[in-house]
Amino acid sequence: MRLTDVFSAQSVALNRTTVESNRIPFMGEAWFPNKKKMGIDLSWFKIHKGLGVALKPSNFDAIATIRPRQGFAITKQQMPLFRESMLVKEQDMIDIMRVREANDPYINAVLSSIYDDTNELINGADIAAERMRMQLLCPAEGELGISIAADDMVYNYDYDGDGSWKAKHYVELTTAGDKWDAPTTAKPLTNLRTGIQYLASIGVTAEMVLSNSSTFDLLLECDQVKDALVTMSGTTVNFMDTETTEEVIRRKLKVDWLTYDKMYKDYDGTEKKFFLDDYVTIIGSGQLGSTYFGTTPEERTLLGDPKVDVSVLDRGVAIAVKTDYGPPVSVATTVSQIVLPSFEGMDSIYVIKVK
């Protein structure tokens with residue numbers, strides 16, 4: 001379909017709707033702030049804190065026993081490259097000229113929406129980074145890692161190679177009566193308290209619980225949550241709202257609850273949630289890692305080239321606009337990024353699959 005097929009000469013109807021999910025900011029940046037680095041390799045340290053060890057006794061006039069340092073691991077990965085282009089072709093340019101000749105006040109707004117290639121691609125870059133951060137905060141089946149697959153490109157990053165994180169920081173409720181969709185028998189406050197206590201045992205203070213709204217809504221029907229409110233108010237409760245449930249969590253467990261419902265379209269066009277259904281993540285205080293942006297080929301080789309208009313955002317996303325005078329004439333907008341999160345604070349989260 002050509003652009004001129006969408007518009008009439010005298011009338012253009014602008015019916016533009018913004019999906020509510022697009023208004024939600026990218027939450028992952030709060031725990032994985034952006035950092036720029038040179039090159040394309042990422043190395044980060046994970047320190048195994050564990051429990052403190054008592055000081056050993058010693059004889060007087062004896063040489064002190066040498067204590068080994070607590071373990072740490074160095075993770076090194078080559079960061080993945082993301083790159084896409086959009087073209088404005090000769091036919092597009094002709095159509096734009098024809099449409100602008102129409103006497104209608106909405107035309108420029110429509111054209112700006114359709115041909116806003118730069119912002120569309122930059123938004124895609126932000127989605128790719130957030131998708132990786134949320135794969136770490138909400139690991140499916142407890143497999144802590146990042147998986148990216150599109151066309152013939154496949155990237156897999158395993159953040160828990162020996163399974164030690166999953167063994168202690170992930171639990172799946174497998175008994176039907178324990179799952180949170182069994183309102184009369186489920187014990188979500190108990191499940192959350194178990195996770196909070198485990199984090200406390202390794203020196204991490206739980207600060208908040210993260211889920212999407214579908215998972216949080218399971219609590220609204222749960223008898224244990226309602227009974228907790230009865231003990232607080234002395235009044236039988238038949239209906240729980242969001243604010244009341246959040247207050248119960250805050251008073252009983254000393255943590256805040258955050259819901260994250262932002263969505264995106266995957267490479268195959270299916271709509272997906274950044275934070276999966278049926279998972280909750282207890283998060284300790286402080287930064288969990290960083291979102292590192294490397295040096296793209298466009299920044300490294302094309303910046304300053306008079307034939308290509310290249311700009312680099314502060315976080316490292318590169319935008320290159322090139323006009324090819326052909327024939328045929330075309331204008332290509334390319335956005336690229338090299339990005340990968342580090343996860344030094346992986347031991348500061350505890351994940352529960354609740355159903």
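Visitor: I have the structure open and I picked R315. Is R315 buried or exposed?

Guide: R315 counts as buried, because its relative accessibility is 16% and the cut-off for buried is under 20%. Keep in mind as we go that this is a predicted model.

Visitor: Which side chain does R315 meet in a salt bridge?

Guide: To read a salt bridge, look for a side-chain nitrogen of Lys or Arg within 4 Å of a carboxyl oxygen of Asp or Glu. Here the partner of R315 is D126, with 2.8 Å from N to O. This pair ties together distant parts of the chain: D126 belongs to helix 3, while R315 sits in the loop between strand 14 (309-312) and strand 15 (318-324), and the two are 189 residues apart.

Visitor: And D126, is that one buried or exposed?

Guide: D126 is buried, since its relative accessible area is 18%.

Visitor: How many salt bridges are there by this rule?

Guide: The count comes to 13 salt bridges. Let me show you some others. The side chains of E143 and K166 form one, at 2.7 Å from N to O. E143 is in the loop between helix 3 and strand 5, and K166 is in helix 4 (residues 164-169); this pair also links distant parts of the chain, 23 residues apart. K166 is partly exposed, because its relative accessible area is 28%.

Visitor: Where do K353 and E172 lie in the chain?

Guide: Their side chains meet in a salt bridge too, with an N to O distance of 3.9 Å. K353 is part of strand 17 (residues 349-353) and E172 is part of strand 7 (residues 170-172), so this pair links distant parts of the chain, 181 residues apart.

Visitor: Now the surface. Which residues gather in the patch of negative charge?

Guide: The negative one here brings together E84, D116, E120, D151 and D152. D152 is found in the loop between strand 5 (145-150) and strand 6 (153-158), and D152 counts as exposed because its relative accessibility is 78%. D151 is in the loop between strand 5 and strand 6 as well, and D151 is exposed at 83%.

Visitor: Which residues form the positive surface patch?

Guide: R193, R251, K252 and K254 form that one. Take R251 as an example: R251 lies in helix 8 (residues 242-253) and is partly exposed, with a relative accessible area of 48%.

Visitor: What about V255, buried or exposed?

Guide: V255 is buried, with a relative accessible area of 2%. V255 is in the loop between helix 8 and strand 9 (256-259). V255 and I196 are 59 residues apart in sequence, and their C-alpha atoms are 9.1 Å apart in space.

Visitor: Which residues does a cis peptide bond join?

Guide: Here you read omega. A cis peptide bond joins G326 and P327, with omega about 0 degrees. Another cis bond joins P327 and P328, again with omega about 0 degrees. P327 lies in the loop between strand 15 and strand 16 (330-341), and P328 is found in that loop too.

Definitions and conventions
Residues numbered from 1 in each chain as written. Predicted model: local features only at pLDDT ≥ 70, side-chain atom pairs only at ≥ 80, totals over all residues. Heavy atoms only, no water. Patch = residues over 30% accessible without salt bridge, like charges linked within 9 Å, V, L, I, M, F, W, Y side chains within 5 Å. Areas by Shrake-Rupley, 256 points an atom, 1.4 Å probe, with all protein chains shown as cover. Lys, Arg positive; Asp, Glu negative; His and termini not counted. Charge placed at Lys NZ, Arg CZ, Asp CG, Glu CD. Helix = DSSP H or I, 4+ residues; strand = E, 2+ residues; numbered from the N terminus. Buried < 20%, exposed > 50% of the residue type's maximum accessible area, 1.4 Å probe, protein only.
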